[in-house]
Amino acid sequence: MNENTKLILAVAVTAIICITGTYVAVGGSDGDDSSGTTLSVAGSTTVFPLMGLYQESYEKYTNVTLEVTGNGSGAGANAVINGTADIGMLSRDLKQAEIDAGLKSTIIAKDGVAVIVGSGAGVTDLTLEQIAKIFSGDITNWSDVGGTAGTIAVTVRDAESGTRDCFDTVMKAAYSSYAIPDSANEVGGSGAMVATVNGNATAIGYVSLGYLGQLTSGSAVKVEGVDATPANVLNESYQIQRNLILATMGDPSGAVQNFFNWILGPQGQQIAAKKDFVPVGSVTV
Amino acid sequence: MGLTDLLTGPRWRSSEGLYGTVPIITATLLVTAGAILFAVPIGVAAAIFISEVTPSRFKSVLKSISEVFAGIPSVIYGFFGLTVLVPLLRDTFPSHLLMGYSWLAGSILLGIMALPTIISVSEDALSAVPKSYREASMAMGATKWETTIKVVTPAAISGISAAIILGIGRAVGETMAVMMVCGNSAIVPDPIFNVFSRIRPITSTIALEMPYVVIGSTHYSALFFLALILMIMVLAISMASKIIVNRTRRKFGETENKPSLTGIIVAKLPVPLVNGFKNALVVAGLFLIAYFISLTFSNSFGAVLIGISVTVAIVASSLLWLNRLKNEGVSDRPRNPSEFIESIPVKIKAVSRNIITYALVITVVFMGASLFYDDVVAFMAGLAVAAAYVTLRSVFRRIDSRVVQKVAHTALLAVMIFAILLLVYILADIFIEGLPMITWDFLTGYPKDAGRAGGIYPAIVGTLKLIVGSMIIALPLGMITGIFLAEYAKDTPFTRTVRNSIDILNGTPSIVFGLFGMSAFVIYFGFGNSLLAGCITLGLMVLPVIIRTTEEALKAVPGELREGSMAMGATKWETTVKVVLPAAIGSVITGVILSIGRVAGETAPIMFTAVIMYQRVMSHSIFDPVMALPYQLFYLATEGMGSPAMQSAVATVLLIMVLSMFTLASVVRHYFDKRIRW
Amino acid sequence: MVMIMDNVIDIQNVNLWYGDHQALFDVSMPVQKNKVTALIGPSGCGKSTLIRSINRMNDLIDGCRVEGRMMFHGEDIYGPGTDVIKVRKKIGMIFQKPNPFPMSVRDNITYGPKIHGITDKDKLEEILEKSLREAALWEEVKDRLDKSAMSLSGGQQQRLCIARTLAVSPEVILMDEPTSALDPIATSKIEDLITELVKEYTVVIVTHNMQQAARISDYTGFMYIGEMVEFDKTDKIFQNPSKEMTDRYISGRFG
């Protein structure tokens, strides 16, 4: 290699290093952390956006950094059991096996599960039994429940979803032959559920109240004549509902305990209310 | 958990403790079959076009375009599938597709992803056909097209088969794209060829269920079982392509019969045992083929019966034939299936070849048409197409060969243009939507609102960190191993086995690396979800690539250079480092750059080892997780978060990063190729 | 000067360029029916280029340009209306390295007739046997017609290529150093074959081996750096050449 080429190469390599270095340095304007604890949080996609808001407020308030992933209630519980997360977010109560493994739960809010349908369905009110039959595949056309004719596209959540757990429990109680067929379309998160209903006019699905704001095409139906709203969840007239909990290995302590206290305090609960969840703490809706 | 339960259980429902893998393994086979059906005609046609029809000055351009295809990360294809292909399919087939997620969508995407492999390897095979064959044919008055179709392509058929098999390998291991568009219902399509059904292949199952599997549970073992099945498939594919490559070499006269450890073991086995094994394999294969074909028109039980009867019939007639040969005193009686096939009289072979072709045509058309019309009409359609095929063949025989050539060349050109337009469309779609959103704030800002808005700075930095980390792990180790293999290792069965193992590692699907990375580094070694775990996993993934590239690059340096250096009294190490390595540096650098491109774009290995979705501040230690561009895209797209423009913007940034790597690699290779002329 | 009688091919004032480099300079030569015409000369003299331009194989090379005329049965091979496919059917070529297709013997031989439109199975069998007999190969391969051609020896492969060319019934057979890759025994078999073939066909042969030219050809052309230096009856060229350069080459003083 002759001298000129070596020179050019050296300059090029130096330039690349400099540019990358500058980029890395400059970009750190927002939120450069100096010290403090890091808590890792994983679990329910329902709770995930709420946790995101907590993060924005709480991190301004203290030195604690939160790292949040949303991949399902079951995944959250497992992460805490496996030791890969400090806090698990679940949109259902802990199962016995999880309690046996040492998890403890703290309720942070109540939530309703809305039944959402696509823009072409043409229904505004369904009974629990009708909903259960639709999801079991026993009713297949919107016209059978008073809507616009069209094959119903059923979408459910993945097997470890807390939202699904709540939904299935309520449905089983309403209709003894309730069973989701293997061929049902499964999605892996609340956002994906809303996206599916947004994109398919004849779809039906279920999602937390907190995600209704993302529903741009389609609507939430009344269940047994009751609207899906936080007020109706609080007064228990809306039947499909559950607790949102945070799980820890053993009782919460230290930084985690402080965080939980803040969540259950006025600031935390106010944020929950703004997100259409039902607070359990000091603020009433 | 019994093995039979696992293998034959018809339902996979982890929540109920059911782990029957039939629908899942079937799904992998089906989606791969569909992908091959789509990719082989287009790929081989494109390869023929590039190799035989294109003037030489355009060849390198077209090959580079094909390589660009190859460099696009699978999550981008998945994104394209999710946002464009799925709605398109839903709108085209409203009565069949409620939402658009389907086997068809998966196969189309996989087909596109397997195209570059098929094109590239087939084109190499076609170019390798000696010029003398072409000359001999043309000297007899054949047109270029006749030469291409009747001489060159048949001569290259082994290489083309190897290409197809490698394409299959690519498709089998693909995770992200199928996960995003196949619909993820763990069912067997009904009827089995219903391309509109939703399915869930092995790779998607592992990726979807890894997050919530409890370590050490039955579920956990079941997932590892699936990974094992996947690896067996990859192994089989690797072996098949090696066998074919060896057969090609023997056909063209070079005998390269140096067996590996397994080869030696097999050679030591008694011949009747090996032959018996081959025979058993053939019988099993016959049964499976008959079984699957009869599944199209009968239920499982009936198909089994038909399968058995067909197999028995074929085996019986073969045995009768053998007996007849024995009675006639024919001395060189065939002893295993391949010899047997060679001994069948040419006329019978020709007739059966025709029968099989027509049967295949009718069956395929029937399968496709029966999805839209009733069975009788579908069968008629099959017959009609077969008749058309026969007529066309005789018509083409009578037309002047030059006209045929013009038609054929035009058709090939059309296929080529179609393929290029497809690529351009995918890229354009993403760039057009995404570019407007890319501002300096976007590139340097932090995400807001759980990742739905704001900037992607941590994702970019995270990707850069992963690149640096994995290179630190893979480069030194890989280069030293490559140097060792090329310069120091003797050609023993042991080293051959090592090479084979590296090849297998090379073909291992990325999700398997992810699974391994998670259980080994995240859980077992206790690194947790961290940059470190991610870097090690990614490093292991590209290690084989670097080893191979280094080894090949060094081997390409002619022996004269080494001899010249040693003759001056240099040691082997000095020769290697000061003479050989610098001479090979171009290819080595190219391999490194290509690996960087891969690391930047891979999602599956980092999904459970290194990434989180949302980071308000930059992580500081290697034990912290990071955000990364491909995972960010996956998460935003599948959760429907962020505006479509934002998703496209993330995709654009990722694309620009990966594509510039590949362009850089091309430039470097070109530069060094020009300077070094042996 | 040669008495021109019964010329099958008449090469007239041919100039040939590869891009900017001129390879043939004003070459003229007759090819007589049922005679063996040999082209000799040192490496790079253009004899291969010349023979390959007779059946327009040089068309396959980018940037090759030809001026001049080559008359074949009264028509210019390089004329605007000439069908190159028909030319190649009538004028066949054997190459230096035997290049049978990786197919069976039968498929190799029947390839030519098939592409020229013969589909009748019996006719093809007829052609198969006839060509192989003419190439003196029939006895050696008649029991293994469906085995791969690649398993034949070098000499057999070259005879197979000859049979393959004969199968399309050409008039002229061009041979570009057909025995330089073969051992002496195979070489002599091919030379005997050429002497037989020329009774039915016309042969033009390029050879590196002067003795071979002296043995089997009727007419010889000596070329040097793209020019036809001397063309005459073989006896005359070898025993009493007119040009001094020819004499020097024949006696081995250069080459």
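**Chains**

I started with the chain contacts: of the two pairs of chains in contact, chains A and B share the most contacts. I note here that this is a predicted model. Next I looked up chain A and chain C. No contact joins chain A and chain C. The closest C-alpha atoms of chain A and chain C lie 33 Å apart.

**Chain B, helix 2 and helix 3**

I then turned to helix 2 (residues 22-53) and helix 3 (residues 56-71) of chain B. I found that their axes come within 9 Å and cross at roughly 155°. Angles over 145 degrees count as roughly antiparallel, so helix 2 of chain B and helix 3 of chain B are roughly antiparallel to each other.

Which residues meet here, in helix 2 of chain B and helix 3 of chain B? From helix 2 of chain B I listed Phe49(B), Ile50(B) and Ser51(B). From helix 3 of chain B I listed Lys59(B), Leu62(B) and Lys63(B). By type, the residues of this contact are three nonpolar, one polar and two charged.

**Chain B, helix 2 and helix 5**

I followed helix 2 of chain B to helix 5 (residues 103-128) of chain B. These two helices pack at an angle of about 35°, and their axes are 6 Å apart. I recorded the crossing of helix 2 of chain B and helix 5 of chain B as right-handed. The residues of this contact divide into 21 nonpolar, eight polar and two charged.

**Chain C, helix 3 and helix 4**

In chain C I looked up helix 3 (residues 105-115) and helix 4 (residues 121-134). Their packing angle is about 110°, with the axes 10 Å apart. That angle makes helix 3 of chain C roughly perpendicular to helix 4 of chain C. The crossing of these two helices of chain C is right-handed.

I wrote down the residues that make the contact. Helix 3 of chain C gives Val105(C), Arg106(C), Ile109(C), Thr110(C), Pro113(C) and Lys114(C). Helix 4 of chain C gives Leu124(C), Glu125(C), Ile127(C), Leu128(C), Ser131(C) and Leu132(C). I sorted the residues of this contact into seven nonpolar, two polar and three charged.

**Cavities**

How many cavities of 30 Å³ or more does a search of the whole structure find? I noted five. About 190 Å³ of space lies in the largest cavity. The largest cavity is lined by 18 residues. Of these, Glu186(A), Trp12(B), Arg13(B), Ala186(B) and Arg200(B) lie nearest its centre. I sorted the lining of the largest cavity into eight nonpolar, four polar and six charged residues.

Definitions and conventions: Residues numbered from 1 in each chain as written. Chains lettered and ligands numbered in written order. Predicted model: local features only at pLDDT ≥ 70, side-chain atom pairs only at ≥ 80, totals over all residues. Heavy atoms only, no water. 1 Å grid on protein atoms, 1.4 Å probe; cavity = no way out; pocket = protein on both sides within 12 Å on 5 of 7 lines; lining within 4 Å. Points joined across faces, edges and corners; volume = space filled by probe spheres on them. Nonpolar A, V, L, I, M, F, W, Y, C, P; charged D, E, K, R; others polar. Axes fitted to C-alpha atoms, helices over the stretch in contact; angles between N-to-C directions. Helix = DSSP H or I, 4+ residues; strand = E, 2+ residues; numbered from the N terminus. Parallel < 35°, antiparallel > 145°, perpendicular 65-115°, else oblique. Left-handed = near helix turned anticlockwise from the far one by under 90°. Contact = heavy atoms within 4.5 Å.
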